[in-house]
Structures are given as C-alpha cells and as structure tokens.
Amino acid sequence: MVVSKCAALMLTAGLMILAASGAQADSPRTARIQTALEAWLADRGSAEKVTGVAAYVSFGDTGPAIEAFAGKVGSAPQDAPVRQGTLFQMGSTSKSFTAALILKLEAAGQLSIDDPLGKWLPQYPAWKAVTIRRLLNMTSGIPNYSETEAMSRIWVNEPTRDLTAENLIELAYPTGSGDLPNSSGYHYSNTNYILAGMIAAKVAGQSYRDLVHQMIIEAVGLDSTFYESGAYPAAVTDRLAHGYFDNPACADYQPKCVKSWNLALIGRDISSMSTSWAQAAGGAIADARDVDRWMRAVFGGRVVPPKQQAEWMELVSIKTGEPIADVTTDDPRGFSLGLGRAVLGSIGSHWFYQGETLGYRTLYVWFEKNDLMITLQTNSQPAAEADKLHDLVGVVYDIVRSDAK
C-alpha cells in the first residue's frame, strides 16, 4: 500500500541509541535529542532510504520548544544539511485541513456534516446517501483512488501531470463491470477527502486552494505551510527536501499480486513530481514547527467553535467502524475526522497521525496528559515493515520524560 494509513503507534521505549558525536545544542536535553536523531539516522538510513530527519518538541505553556535536525536534504554529496525551515510534504496529516474547512462551514450555517453527498455532488449518484461525516471518519465504504492501477500508471509515466479533483474521483467512481469493491465498517480511502474538499469548494464558492490559504494558513498564522492544487513555486520547492520512494508493496486493488504496479518508482527522487494526486487528501507542505503550531491550534480548540470541536473529536473504532466514546485496551485504535487516537501501554491514550506521500513522512503525537507534542519529518517512504519512525518518537519521549522527573 503506497499511501498513508492511520495506524496505532508501537513506540519502542528500549530502542538502543547508537553512539553519535558532534551534537551541538543549547541544553543537555536538546543535545540528547540531537544525538537520538543522529543515532536513528545512522541505524535506519540505509534500510529506509532516508537521508535526513527533523524534530520539533513542544510543551504547551510549560517551557520553550526544542528543535533538532540530523542528516542532509538529499543523497547527493553537495546537498545541504536539514535545518530549521527545511520543508517536507505533510501527506495525510493535512487531512485535518479538510476537516477544519468543513467544520468551519458548518459553524457558519452553510452545511451540516450530516448532509448526504448527493445534496452537494449529485454527479456521483452511486454515493448519494453517504454523509459528509462518513467521508471524514472513513466509514463511507467508497473505494480508494490512490490504490488503483490507473493512479500508479500516472505516477510512473506522467509524474509531473497536474490532476484535478474530478480526475481523481474518476479513478474510483464505479462505471460498470470494472467497479472497485465497496467496503463496510472503517476503510481508509483518500477518495473521501477529495470529495469533502470538492464539497467545501462548492459550498463556499471558492477553490479548495483559496479556502486553505484564507481559513487555515492565514487564520492560524502558519508561515512555513504551503498548499497548491498543482505546481508549487520555486520559493517553496527550493526549501523542500528530496524525497525517496522505496516501497515494493502491492496496491490494495492488485488481485493475486506478484509484482507491484509501483516498482518502477523504487529509488526515485519524487520531489519534482506533482502533488496534485493528493490535494485535499494530503497535498500540503510544511516544516515541523508549523505542523506543531497547527495541531496545537486544533487540539487547543482554537480553530472551530465548541460544537464543531466536539464533532471533530468523535471517534469510530478502526476495528468495527462503530462510534466509540474513547479508545480502550480492548479497542485501542480510533479515528475521528482526520485525526487518529490510540492507547499505548502505561502511557495511556494519545492523538497522532503519520502522513505519507511517495517520498515523505510527517508524524506527530500529542501526549495530552503531559501536554507534550512530538513532531518528526523525514524524506522517504519505505515498506511498512521497514518504517521505524515511530521508534524515534519513543526515544524522544523517554528523553523528555526522564528529564522531567
């Protein structure tokens, strides 16, 4: 599976820290986090085809944040080190932008999240009864366009092609004997968020791109967050780390798969590819500091009014797709409207998301009990079994909590 899936974090508290030298920081704790990044990169760089990693750790109102970086923005000898302001694709962490727009429009009385899709997008009658809420919490049953052969062929053969939202929906929309399978319960589908973005644009009478700029980026004061439906300007791409694809997994809709449709992408630097294939499902670019700033605004209730905030946090079980009051040890993974929640041993419940595009990962975890947020960004997409970015969260968490005792 190529695109991001919201999954429970298995943080490895006991991950061995390999020796690293040259860590320079303003405090012992920052130096320890810097060393942890360097150690993780030394251990995982080859296995995950990653060349650099950025971290941002914030503590609410209890103290200044910590920033740390390791490695370079690419694999070439002349590539610069990762530093403050280096950009990475956000992937599905920016699904929260789409959820925010829908909830803001609901607060303004322009729609309801329980409106059926047919009210706003009647051109897709096969899905006319699906509500906006079910789009956002992944219980719609609608197939995922980004797991189709047509999507893979575009990535491989037309990597710079700018696609419209309608183009993406065409890849998933049932048209006869080639219908993709519908699903029941919880099923992760990027098509849901493309449809939700189209609804937001239709209701507001503005493009999804302009809504993101006005109601998210400008409203929250995000100075290193960018969204374009097509090509990004040089001022953004010049700051973007190179991104490497290294995932041989088959797509969801490859029957009896022996060879992935995406094998031709292995080893590619995808930083110059069009991000238009992701759009409202995860097409934004940001640095780690701004991801933290945005997610703290979300969890701090500073984006939408209380009624919509409560709707934003309502969970369904990933196991059953049914509504749940909260995650538990028996049902430890939940999904709300573009946000993930999980139970992790003695640490308890936490909010998180790991977003992926073809060559990038952005992962945040908010440990609400401690008001601690850890954000990591890196520049590859490996196979799921090779992805150990969550281990680094565990190491950073242990550093921060041991110093707090």
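Analyst: Rings of Phe, Tyr and Trp, the last represented by its six-membered ring, are taken as a pair if their centres lie within 6.5 Å. In this predicted model, the count by that rule comes to 13 aromatic pairs. One of them joins Trp 127 and Tyr 173 in an edge-to-face arrangement, with 5.0 Å from centre to centre and 80° between the planes. Trp 127 belongs to the loop between helix H3 (117-120) and H4, whereas Tyr 173 belongs to the loop between helix H6 (165-172) and H7, so the pair ties together parts that are 46 residues apart in sequence. Both Trp 127 and Tyr 173 are buried.

Another pair, formed by Phe 299 and Trp 351, is tilted, its centres being 5.7 Å apart and its planes 35° apart. Because Phe 299 lies in helix H10 (residues 288-299) and Trp 351 in strand E11 (residues 348-356), this pair ties together parts that are 52 residues apart in sequence. Phe 299 and Trp 351 are both buried.

Beyond these two examples, Tyr 186, Tyr 188, Phe 335 and Tyr 353 form one aromatic cluster. A ring may also face a charge, as with Tyr 193, over whose ring the charged end of Lys 95 sits, 5.6 Å from the ring centre.

Technical notes. Residues are numbered from 1 along each chain as its sequence is written. This is a predicted model: local features need pLDDT of at least 70, side-chain atom pairs count only at pLDDT 80 or more; totals for chains, interfaces and linings use all residues. Side-chain values use heavy atoms; hydrogens and water are left out. Rings of Phe, Tyr and Trp (its six-membered ring) pair if their centres lie within 6.5 Å; planes under 30 degrees apart count as stacked, over 60 as edge-to-face and the rest as tilted. Helices (H or I, at least four residues) and strands (E, at least two) are DSSP runs, numbered from the N terminus. Buried means under 20% relative accessible area, exposed over 50%, partly exposed in between (1.4 Å probe, protein chains only). A charge sits over a ring if NZ of Lys or CZ of Arg is within 6 Å of the ring centre and within 35 degrees of the ring normal.
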